[in-house]
Amino acid sequence: MAAAAGALRRLVRCGPQQGLGRLLQPRSGIHGSAPAAVQVTVRDALNQALDEELERDEKVFLLGEEVAQYDGAYKISRGLWKKYGDKRIIDTPISEMGFTGIAVGAAMAGLRPICEFMTFNFSMQAIDQVINSAGKTLYMSAGMVPVPVVFRGPNGASAGVGAQHSQCFAAWYGHCPGLKVVSPWSSEDAKGLLKASVRDDNPVVMLENELMYGVPFEMSEEAQSKDFLVPIGKAKIERQGTHVTLVSHSRSVGHCLEAAAVLVKEGVECEVVNLRTIRPMDVESIEASVVKTNHLITVEGGWPQFGVGAEICARIMEGPAFNYLDAPAVRLTGADVPMPYAKVLEENCLPQVKDIIFAVKKTLNI
Amino acid sequence: MRKMLLAALSRVLQGPAAAARPGAVSEVSRVVVASRNYADFTSEATFDIKKCDLHRLEEGPPVTAVLTREEGLHYYRTMQTIRRMELKSDQLYKQKIIRGFCHLYDGQEACCVGLEAAIKPTDHLITAYRAHGYAYTRGTSVREILAELTGRKGGCAKGKGGSMHMYAQNFYGGNGIVGAQVPLGAGIALACKYFGKDEICLTLYGDGAANQGQIFETYNMAALWKLPCIFICENNRYGMGTSVERAAASTDYYKRGDYIPGIRVDGMDILCVREATKFAAEHCRSGKGPMLMELQTYRYHGHSMSDPGISYRTREEIQEVRSKSDPITLLKDRMVNNSLSSVEELKEIDVEVRKEIEEAAQFATTDPEPPLEELGNHIYKNEPPFEVRGPSQWIKYKSVG
C-alpha cells in the first residue's frame, strides 16, 4: 500500500496523465502539492492565456476558422468572442493562405495577431506566408520590419483522424531560421508558452496537441498568475534521473514519464527532458543531462527522417556530450508511413510506453 | 534655366561683343530678372483625361485633371529619376555589378508616381518584385536603392535584401513570391481599420499574379470586412513570357474582383492614374470597403534582366509604345504645349537627374559589402545576442538586433 502511494506520489509530482489526474483532488494532502494549486486542463490554460493577453494589450487579436461564434473548433477560445467582440475575435472563411497572409500583414503594420489553424495540417496551404512572409522578412529588411505574429493550433496525431489530419510539423517549421517554434506538453507549458509567444516580437509557431487539450495538470499559484511566462528556448527537466536521458516534446513527454514510472521499479532512473521549445532548441540542457546519464533516447510523434530526434542526435555528436555517451543515441519516432485509420494500426504508428521501455533496456543493455 | 535664358537675352541685347566679357551676363540679369521672372509659364492647366471603364460603379473618376506647374515639374523629375535609375541598373547588371534578379520598371513610371501623388505618406503601400520605382516614391534615396542592388552595406537593407526586398516607412516591399503580397496588403488594411487612423493600403500585383488563388481569397475577406484596401493590378500585358490572352480566361482584370467595384485606368497617363487613385482612396476612406484598379501599362525591358523581352513580343510593339505612349514624353508634351514649362527647363532637370544617378552609382559601386558579422544579424527582434550556426559546427556568428 505504502509503495503504491509512493509510486502515485512520484507520478503526480511529474504531472498526471489523462484519468489519473481526476483521481487526485487538491483537498487531500496525499500528493503534497502547494496549498493554492489547482487542476487545470490544457484547454483551460490556453483559454486563460488568450484572455489575459487580449486584456493586457489592445493590439492583440485572434483570427481563424470558428474561433469566434463557435467558441473555437476545440473550444480553446470559448467565451472570448462574447467578451471581446468582432474586432478582436475574427471568424475567417476557409481561406488559409489568405487569412494567414492577412495576419502576417497586420503584424507588419503594428498589430499582434494570433492566427489559429484548425490543425497544422491546414497550415500547409499557408506555409509560404508563415515561412517566406513571416519568417524571413525581418532578415531581408535588415531589421526594419518585425513580424510579431503567433500561429497556433493542434499538431500531430489525434485519434482515428486519418493520414491527412495526423502529420507533425515540428521538423518542418523547426527547420527555418527566423521562426520560433514551441511545443507545450502540460497546462503550465501551454499557458506560459502562449503568453510568452504573444509577447515575443517574432513570428512564433505554437504546436499544441488535440489529445492533450482535455488533460488536467496541477498548476501552481505562480503558474496561475497573469504574468506567468515560460521562457521560449529553455527545456524543463520533468523528472531527475541518472541512468538514461529521455528527450521529448508534447504528448510524448507523458509517455516518457509513464515509462520512467515503470522502469523505476526495476531500479532504472530515467531523466525526462521536456524540450518545450523546438527552435531555438535548448541543446545545453540535453548535453548536461547526457553528460550525467551517458545514454540518450529521443521520443517524438513525427516521422523519423530529418526529424527533431535526428537533429538532437546530430547536435550531440558535435558537442561535448558525445564523449560521455556509452552507447549510440537512439530515436523513437512515428512510424515511417502515412497514419492509418484502424485503431490497432494507428496505435502501432506512434512510440508507445512499451517501446520506450524496450529502447531504454536495449540502450542500457539490460 | 534662368542662366540660359538670360545668357541668350544678354547676347541679343549686347551683341556679339558680350560673349568676350564673362561678367556681362550677370549685370544684365540683375536688370532683366525682376521683370521677367518665369512670366513665360502659366501656373496651371486643365487636361482632358481618358474616361475609365467602370465595373459596379455608377460614376467614375473625373475626365479632366488640373496640373499645376509645380506638380508637373515634380512628377517629371520623379519619373525621369526612376527612368534613369532603372537604365543605370540595366548597365550595372550587364557589368555584373548587380547579381541575381533585377526586374526593371522603365515604362511604368506613371503608375508609381501617379499613385503616390494621390495618397499621403501616412498611407501604406505594398507591391511585388518590380519594386524599385516604389522604393523611390515611398522615400528611399536613389543611392540607397542602387547600393542595395549592388549588395553594399549602404543599401537600404544593408545589402541583405537585394532587388526584391527593399522596405521603407509604410512601404512593405518588395516581395518575391508572386501574389503573396496581396493578403499581406489586406492585413495592413485591416490594421489601418483596427487603429482607426483614416489610413488606407494600396496593394499591388501584376497581370500574372492576378490568377493566384490567394488573391481571390483576399478579395472575399476584404469585401466581407470592408477593409480600406485598393487592389491595384499593374497590367503590363505580359506575365514573364506569357501574354495576358494566354494566361487569363478573362483579361478584364478590373472586373475580376467580382463584387468589388473596379476601374480600368490608362496607366501611361500620370494624371489618369492620379485622379483614379484619388477616387478609389476616397471610396476606401469613407468605409465603403475595397476597390480594384487596373492600370494598363507597359514595361520596356523584359521580365527581368535575364529576359531580352523580344521572344514573346515584337520590337515593333515596344517601339510603338515608346513613341506613342511613353509616360514621361506624354507629360513633357503636355507641359511644354501648355506653357507649364519649356524644353530647356526640362532638359535642365534631365541634367540634374543624370548627375544624381551618376553620383548614386558611384556610391553603389564603391561602398564596401556588408561585413561578415552582418550574416548572423536580424534573425530575431529584441532578443539578447545568441549564436548562429555557419556552414559547419566550428563556424559561428553572433546574432544581434
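In the predicted model, the buried residues of helix α8 of chain B are covered by elements of both chains, among them α5 (96–108) and α6 (127–140) of chain A. From chain B itself, the cover includes α7 (181–195) together with the strands β5 (201–206), β6 (229–235) and β10 (291–296). The residues of α8(B) that are buried in this way are B:Gln214, B:Ile215, B:Thr218, B:Tyr219, B:Met221 and B:Ala222. After α8(B) comes B:Lys226, a residue with a positive phi, near 50 degrees.

The contact between the two chains was examined next. The size of an interface is often expressed as the accessible area that is lost when the parts come together. For chain B and chain A, the buried area is about 3600 Å², and carbon and sulfur atoms account for 66% of this area. Chain A contributes 48 residues to the contact, and chain B contributes 36 residues. Between the chains, 17 residue pairs are in polar contact, with both residues of each pair at pLDDT 80 or more, and the count of salt bridges is two. In one salt bridge between the chains, the side chain of B:Glu383 meets that of A:Lys180, with an N to O distance of 2.6 Å. On the side of chain B that touches chain A, α7 and α8 of chain B each supply at least two residues, and α7(B) gives the most, with nine residues. By residue class, that side of chain B consists of 21 nonpolar, nine polar and six charged residues.

A:Asp189 is located in helix α8 of chain A, which covers residues 187–199. The relative accessibility of A:Asp189 is 0%, and the residue is therefore classed as buried, the cut-off for this class being under 20% relative accessible area. A polar atom of the A:Asp189 side chain lies 2.9 Å from the backbone nitrogen of A:Trp185. When neighbours within four places in sequence are left aside, the residues in contact with A:Asp189 are A:Pro184, A:Leu194, A:Val230, A:Asn274 and A:Arg276.

Definitions and conventions
Residues are numbered from 1 along each chain as its sequence is written. Chains are lettered from A and ligands numbered from 1 in the order in which they are written. This is a predicted model: local features need pLDDT of at least 70, side-chain atom pairs count only at pLDDT 80 or more; totals for chains, interfaces and linings use all residues. Side-chain values use heavy atoms; hydrogens and water are left out. Buried means under 20% relative accessible area, exposed over 50%, partly exposed in between (1.4 Å probe, protein chains only). Helices (H or I, at least four residues) and strands (E, at least two) are DSSP runs, numbered from the N terminus. Contact means heavy atoms within 4.5 Å. Buried area is the accessible area (1.4 Å probe) that two parts lose on being put together, summed over both. A salt bridge is a side-chain nitrogen of Lys or Arg within 4 Å of a carboxyl oxygen of Asp or Glu. A polar contact is a pair of N or O atoms within 3.5 Å; within protein, one must be able to donate a hydrogen and the other to accept it, and residues adjacent in sequence count only if both atoms are side-chain atoms. Ala, Val, Leu, Ile, Met, Phe, Trp, Tyr, Cys and Pro count as nonpolar, Asp, Glu, Lys and Arg as charged, and the others, Gly among them, as polar.
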